[in-house]
Amino acid sequence: MVDYSKWKNIEISDDEDETHPNIDTPSLYRWRHQARVERMAESEKEKEDMKKKRQSFQARLMDVKERISKKVGEEDALKKELEKIESEGKELDRLENELLKKEKKTPWNVDTISKPGFEKTVINKKAGRKPEENLTEEEREQRFKQFVKDNEKQCKEYGMLRKYEDSKRFLQKNLHLVCEETANYLVIWSINLEMEEKHNLMAHVAHQCICMQYMLELAKQLDVDPRACVSSFFKKIEDCNVEYRQQFEDEIEGFKKRIQKRAQEKIQEAMAQVEEERQESLGPGGLHPADVFESLPDELKECFESRDIELLQKTIAKMPVEEAKYHMKRCVDSGLWVPNDGENPLDKDETEAKGDDADKPEVDKSESPKKAESTKEEPIYSGVSTEDVD
């Protein structure tokens, strides 16, 4: 059962007791308060004196016991001194108990009825803006790459949010995203989406990018850290007037047009680069090696893929002369095959074709390397080497 008796007698200086009309009530309250404060001071003094007596008693008791154990001095005198100190200790215990009883019977007042469990003072102060760092372009690029590596998933998650409340809650949980790097990443992502012809998704990411840029701009105007502007921006954008809303929408439309223009420029730059690389890779006759390779018969493709010169010679010998001339000329014009210096493979092909017997196939001349060496005749396109075949 709970004992509520301790609440029955609480001393309050300004109790609304009925006082005589001739008595000054405020003065009475002040006297009562002063008397209570004096009693509390006296009680604290008694506690402090008791504490000092207890410390002195402990020190004396330990000293006597130590001397007895070391047998320093007369033993009988030390024992009498020990008995005297112990009797003082009993008396001290009795006084402490009386003091505790007296304190327990003392009525509670506004100063003793409760004590603070802890005290904490918090002063809300917005963090100032960080000074601009003097970084080189390489250092900025390196820092941006590291930021993207660490936070790309969260940046994309923010870019896909649609409601202001969701964006606000997400950024408050991830305040490190409220920075210039996030805005730059969203710009690059928007350009890539436009290049991929994902126009609707680009428009949504562009909206989130403008929100981030507005927060950064608001931080500059207020000269505070951007992370302190998250709540301010979303509250302002949700409760804004028509003029501010229109300005915000116009900024989004202008940003999307700039994204579309930049995406077209990048596409044209990429196409120009591809065409330039294609022109650089054209052979001496103006043909591209990849196009020529795709147009070759399968047996010739196999020769170039395996880089087998002997197989190439045999395959050419088996083919009709005109067809062989056609394909090998295209290989030379594309740079897919480079003949030896001063050698015109097409002329040699024609000479060999005229000197051959009509009933005897070309393969008879090329299948035996010894026969070709004895007659000092080389097969068609004998200048092929493994280094020349691309």
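Mentor: Let us begin with helix H11 (residues 309-318), where Glu310 and Lys314 stand four residues apart and are therefore separated by about one helical turn. In an α-helix there are 3.6 residues to each turn, so residues three or four places apart point the same way. In this predicted model, the side chains of Glu310 and Lys314 meet in a salt bridge, with 3.5 Å from N to O. A residue counts as buried under 20% relative accessible area and as exposed over 50%, with partly exposed in between. Glu310, with a relative accessible area of 44%, is therefore partly exposed, and Lys314, at 29%, also counts as partly exposed.

Another of them joins Asp93 to Arg54, and their closest N and O atoms are 2.4 Å apart. Here the partners belong to two helices: Asp93 lies in helix H2 (residues 75-105) and Arg54 in helix H1 (residues 25-70), so this pair ties together parts that are 39 residues apart in sequence. The relative accessible area of Asp93 is 36%, which means that Asp93 is partly exposed.

Arg54 also forms a salt bridge with Glu96, where the closest N and O atoms are 2.9 Å apart. Because Arg54 lies in helix H1 and Glu96 in helix H2, the pair ties together parts that are 42 residues apart in sequence. Glu96 is partly exposed as well, its relative accessible area being 23%. Salt bridges can also join into networks, and one such network links Glu44, Lys47 and Glu103.

Other acidic residues gather in a patch. Asp298, Glu299, Glu302, Glu305, Asp308 and Glu323 form a negative surface patch. Residues of such a patch have over 30% relative accessible area and no salt bridge. Helix H10 (residues 298-306) supplies the largest share of the patch, four residues. Glu302 has its place in helix H10, and at 47% relative accessibility this residue counts as partly exposed.

Helix H5 has 16 residues and reaches 23 Å from its first C-alpha to its last, close to the 22 Å expected at 1.5 Å a residue. After H5 comes a further glutamate, Glu197, whose phi is positive, near 65°.

Methods: Residues numbered from 1 in each chain as written. Predicted model: local features only at pLDDT ≥ 70, side-chain atom pairs only at ≥ 80, totals over all residues. Heavy atoms only, no water. Patch = residues over 30% accessible without salt bridge, like charges linked within 9 Å, V, L, I, M, F, W, Y side chains within 5 Å. Areas by Shrake-Rupley, 256 points an atom, 1.4 Å probe, with all protein chains shown as cover. Salt bridge = Lys/Arg side-chain N within 4 Å of Asp/Glu carboxyl O. Lys, Arg positive; Asp, Glu negative; His and termini not counted. Charge placed at Lys NZ, Arg CZ, Asp CG, Glu CD. Buried < 20%, exposed > 50% of the residue type's maximum accessible area, 1.4 Å probe, protein only. Expected span 1.5 Å × (residues − 1).
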